[in-house]
Amino acid sequence: MPLLRRLSLALGLGVALVLVAVLGATALGGSGGHERSDRAGAADPRPGAAAERRPARPAAEPAPRSTPTATTAPTPPPPPTATATPSPTPELVPGPALLSPGDDGAEVRELQARLAQIDWFDAGLTDHYGEITEAAVRGFQDKRAIPVTGEVDQRTMDRLLAMTTEPTDAELEGRTQQAGALDPRCLEGRVICVDKSTSTLRWVVDGEVLRTLDARFGAAGTPTREGAFEVYRMSRDHVSSLYDTAMPYAMFFSGGQAVHYSPDFAATGYAGASHGCVNTRDLAGVAALFEEVRLGDDVVVYWS
């Protein structure tokens with residue numbers, strides 16, 4: 001075959017191949033595109049189809065900004081507190097004694113009367129500074145932070161004077177109870193007149209009161225008998241055979257009941273009671289009464 005013809009055939013074949021390729025490409029772009037779009041995720045003409053098939057990619061959250069942290073300076077420890085050294089309390093030193101145990105006289109009686117006003121002395125007043133007075137002074141001093149010595153110095157006396165009044169004559173005589181009216185039976189002769197209403201005993205001669213003492217009586221179970229009696233027995237250093245207790249200066253007037261000194265009355269006052277006797281607490285006073293009373297003298301016990 002001539003060369004020109006072979007070239008023409010070759011050229012025609014090449015053109016034909018080019019046309020076939022172009023036509024095939026066109027056909028593929030029209031009908032085969034749906035396959036690819038289904039597989040490759042081509043755009044779907046339905047509204048929202050793309051959103052159904054491919055979820056929206058969330059927008060990347062911005063990285064948090066690092067906020068600079070304020071640096072707080074550490075609180076310095078408080079400076080050490082200076083411990084104040086307490087000043088030592090000065091020790092109270094008692095002053096010279098103005099009155100002390102063993103003393104006698106009117107000043108001692110006044111001391112006892114003033115102590116009695118504030119319930120520190122609950123015994124019969126005497127002129128003697130004995131154990132009872134010393135104990136009362138000690139209690140008074142201890143209560144008021146005064147050096148406890150049992151002696152009366154100026155500090156003790158000043159405090160006592162500030163708390164009390166000048167004792168009356170009745171107080172100095174030991175009459176701490178106000179006596180009531182005398183029973184008519186006490187107005188004649190020599191009579192120990194005992195008033196239960198005012199807790200007093202009066203020694204009356206021909207209607208004149210010569211001595212008055214504080215008195216204490218029997219308890220509810222052993223009351224002191226009331227009525228008119230006579231002193232039928234006297235015993236200076238008597239001791240009870242029933243209770244084995246001392247009954248100094250006993251003056252019996254009814255059975256086993258007597259007027260006598262009572263150490264318990266002197267120590268505890270009206271907080272206690274007798275077993276029926278008429279107790280007195282002024283030792284010097286009842287001792288003097290014992291010297292004046294005689295057997296047969298009257299005793300009247302009554303309520304005024």
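In which helix is the place of T133? In this predicted model, in which residues are numbered from 1 along each chain as its sequence is written, local features need pLDDT of at least 70, side-chain atom pairs count only at pLDDT 80 or more, and totals for chains, interfaces and linings use all residues. Side-chain values use heavy atoms, with hydrogens and water left out. T133 is placed in helix α5, residues 131–143, where helices (H or I, at least four residues) and strands (E, at least two) are DSSP runs numbered from the N terminus. At 2% relative accessibility T133 counts as buried, a class that means under 20% relative accessible area, as against exposed at over 50% and partly exposed in between (1.4 Å probe, protein chains only). The side chain of T133 is joined to that of Q112 by a polar contact of 2.9 Å; such a contact is a pair of N or O atoms within 3.5 Å, of which, within protein, one must be able to donate a hydrogen and the other to accept it, and residues adjacent in sequence count only if both atoms are side-chain atoms. When residues up to four places away in sequence are not counted, T133 touches L111, Q112, F121 and H128, contact being defined as heavy atoms within 4.5 Å.

The chain as a whole has 9 helices and 9 strands, and buried residues make up 34% of its 304 residues. Among contacts between residues at least 6 apart in sequence, 55% join residues at least 24 apart.

Strands of a sheet pair through backbone hydrogen bonds, either parallel or antiparallel. Between strand β2 (residues 200–205) and β3 the pairing is antiparallel and extends over 6 bridges, with V205 standing opposite E208 in β3.

The loop between β1 and β2 holds T198, which at 14% relative accessibility counts as buried. The side chain of T198 makes polar contacts with the side chain of D195 at 3.1 Å and with that of T200 at 2.9 Å. T198 and D214 are 16 residues apart along the chain, and their C-alpha atoms are separated by 8.8 Å.

A further open sheet has 4 strands in the order β5-β6-β7-β8, again with mixed pairing. Here β5 (233–239) and β8 are the edge strands, each pairing on one side only, and neighbouring strands are turned by 20 degrees against each other on average, direction ignored. Strand β6 (residues 246–254) pairs with β7 in the antiparallel sense over 3 bridges, and F252 stands opposite A258 in β7. Helix α9, residues 283–292, also lies across β5, β6, β7 and β8, running at about 45 degrees to β6.

In the unreviewed UniProt entry, the annotation "active site" covers H260 and C277; UniProt positions are given in the numbering used here, feature names are shortened, and annotations may be inferred rather than shown by experiment. These residues span 18 residues in sequence, yet no two of their C-alpha atoms are more than 7.5 Å apart, so they gather at one spot. Both H260 and C277 are included in the lining of the largest pocket, a pocket being, on a 1 Å grid over the protein atoms alone, an open set of points where a 1.4 Å probe fits, with protein on both sides within 12 Å along at least five of seven lines, and lining residues having an atom within 4 Å of a point.

H260 lies in strand β7, residues 257–261, and counts as buried at 6% relative accessibility. The side chain of H260 makes a polar contact of 3.3 Å with the side chain of N279. Beyond four places in sequence, the residues that H260 touches include M247, Y249, C277 and N279. C277, by comparison, lies in the loop between α8 (263–268) and β8 (278–280) and likewise counts as buried, at 10% relative accessibility. With neighbours within four places in sequence left aside, C277 is in contact with residues including R216, F217, T224, M247 and H260.

Conventions:
Pairing = 2+ DSSP bridges. Axes fitted to C-alpha atoms, helices over the stretch in contact; angles between N-to-C directions.
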